[in-house]
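Please look over the sequence and the model below before reading on. The paragraphs that follow go through the structure part by part.

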Amino acid sequence: MAVRQLDLRDSRLLLEDRTVSPPGSWELGDVVATASGESQETPIDFEVNGVLTTGGAVQAKGEAEIGGPYRIDFRLESVSLAPVAPYLNEGQRVGGAVTGTVAATRTEDEAERVVVDAVLHGGDLAAEDVVIRGQMKLHADLEGGLGDASGSFQLDATDAEVEYGVAFGKLRGTRATATGRIVTGADGQLGLEDTQVEVKDAEVEVQVERGARTRTRIDAEPFDLSGWEAVIPALAESDPAGEIGIRGLVIETEPLEVHGNLDIHGLRLRRGAVSY
C-alpha cells in the first residue's frame, strides 16, 4: 500500500521541549495541512497553516527528503515571543510579536542556510544592562547550524527606545542601525565582526568577542557632539559642542577593564552660565 497524499483538517499540533526547564511549549491549533509525494526516495511537498495558542498565525510551505535536503518557507503573522521565555538566562526578557518570513534550506552536502526578514512590534527585550522597547526590523542571512551560525545581518532600531544602564538612552525616532556579521566562536558563543553601528550622526565600528570574558572594541571617526545630551544622560543640561573620535576603545568584562584613545576637538560643556 502506498500513501501519496495526506490531508489534515481542524487538527492540533503540540511541540514540547523538555530539554529546558520549565519545558518549552509551542501549540498550533486550527491546523490545515497537506503533504504529497511519489515515494520515500523523492521529495515530499507540504504546506501547513495554523494559529498559535499564544498568539499569531504560521504558514510553512516547501519540500523535504527524509533525512536529506529540504526547503521550508515560513510566514509569520503577529507571532508572540512568549514561548521563548524558557530558553532565556536569568535577567533576560523577550516580549513582542514578530511578522515576517524565514527561509530555511539544507542542500545535499548538508550545508544549512537561514534567511530572516522580520519586524518585531511592541518589542520588550532585556539582557544584562541593555533594554530595548519598541519596533525593530531585522534582516539576516546565516549559514551553518545552531552551534556554528555565521553570516550577515542588518538591524534597524530607529523606532525603538534603547537603554544601556545609566550611560545611554535613545528615544524613539533617533536613528539607530547596525550592519555587520554574526560569527560563532570556538566555544559556541555568538560575536560580531565588521559591524557598523550608526546612532544619531555617529558612525561606529564594533567588534564583539564573547567567551570567559566579553571583549568589545569600538572605533569611530570624529563626530559632532551637538544634541547628544538627549542620548547620554551624563551630558543632560550641558549643551555639548565640539567633536570626539574613538580609536581602539576596548571594553572587557568581567572584571571591567577599559583602555583606548579619545580624540577631542573643540569640546565645550555648559552648565547654566558656566562653560568648560
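A salt bridge is counted here when a side-chain nitrogen of Lys or Arg lies within 4 Å of a carboxyl oxygen of Asp or Glu. Side chains of opposite charge can pair when their charged atoms come close. By that definition the structure, which is a predicted model, holds 14 salt bridges. Some of these pairs are described further on, after the overall form.

Start with the whole protein. It has 19 strands and zero helices. The radius of gyration is 23 Å, whereas the globule rule gives 19 Å for 276 residues; the value is well over the rule, so the protein is more spread out than a compact globule. The C-alpha trace spans about 90 × 35 × 30 Å along the principal axes. Of the 276 residues, 29% are buried, where buried means under 20% relative accessible area.

Now take strand β1 and what surrounds it. Strand β1 covers residues 5–17 and strand β2 covers residues 24–36. Which side chain does E27 meet in a salt bridge? The partner of E27 is R12, at 3.0 Å from N to O. Because E27 lies in strand β2 and R12 in strand β1, the pair ties together parts that are 15 residues apart in sequence. The two partners fall into separate classes of accessibility: R12 is exposed, with a relative accessible area of 55%, while E27 counts as partly exposed at 24%.

Strand β1 also holds D7. With a relative accessibility of 41%, D7 is partly exposed. In sequence D7 and V32 are 25 residues apart, yet their C-alpha atoms are 7.6 Å apart in space. A further residue of strand β1 is D10. The phi angle of D10 is near 50°, a positive value in a residue that is not glycine. D10 is exposed, since its relative accessible area is 72% and the cut-off for exposed is over 50%.

Between β1 and β2 there is a loop, and P22 lies in it. The peptide bond leading from S21 to P22 is cis, with omega near 0°.

D141 and R113 meet through their side chains at 2.6 Å, N to O. R113 belongs to strand β7 (residues 112–127) and D141 to strand β8 (residues 130–143), so this pair ties together parts that are 28 residues apart in sequence. R113 is partly exposed, with a relative accessible area of 38%.

E161 counts as partly exposed, at 26% relative accessibility.

D239 has a positive phi of about 45°, although it is not a glycine. Its place is the loop between β15 (214–224) and β16 (241–253). D239 is partly exposed, with a relative accessible area of 36%.

One is negative and is formed by D45, E63, E65, E108 and D109. Of these residues, E63 is found in strand β4 (residues 57–64). The relative accessibility of E63 is 32%, so it counts as partly exposed.

Another patch is nonpolar. Which residues form this nonpolar patch on the surface? They are L262, I264 and L267, and together they have about 270 Å² of accessible area. L262 is found in strand β17, which runs over residues 257–268. At 49% relative accessibility L262 counts as partly exposed, because exposed requires over 50%.

Note on methods: Residues are numbered from 1 along each chain as its sequence is written. This is a predicted model: local features need pLDDT of at least 70, side-chain atom pairs count only at pLDDT 80 or more; totals for chains, interfaces and linings use all residues. Side-chain values use heavy atoms; hydrogens and water are left out. Patches are made of residues with over 30% relative accessible area and no salt bridge: like charges are joined within 9 Å, nonpolar side chains (Val, Leu, Ile, Met, Phe, Trp, Tyr) within 5 Å. Accessible areas come from the Shrake-Rupley method with a 1.4 Å probe; for residues, only the protein chains shown count as cover. Lys and Arg count as positive and Asp and Glu as negative; His and the chain ends are not counted. The place of a charge is taken as NZ of Lys, CZ of Arg, CG of Asp or CD of Glu. Helices (H or I, at least four residues) and strands (E, at least two) are DSSP runs, numbered from the N terminus. Buried means under 20% relative accessible area, exposed over 50%, partly exposed in between (1.4 Å probe, protein chains only). The radius of gyration is taken over C-alpha atoms; the globule rule is 2.2 Å times the number of residues to the power 0.38.
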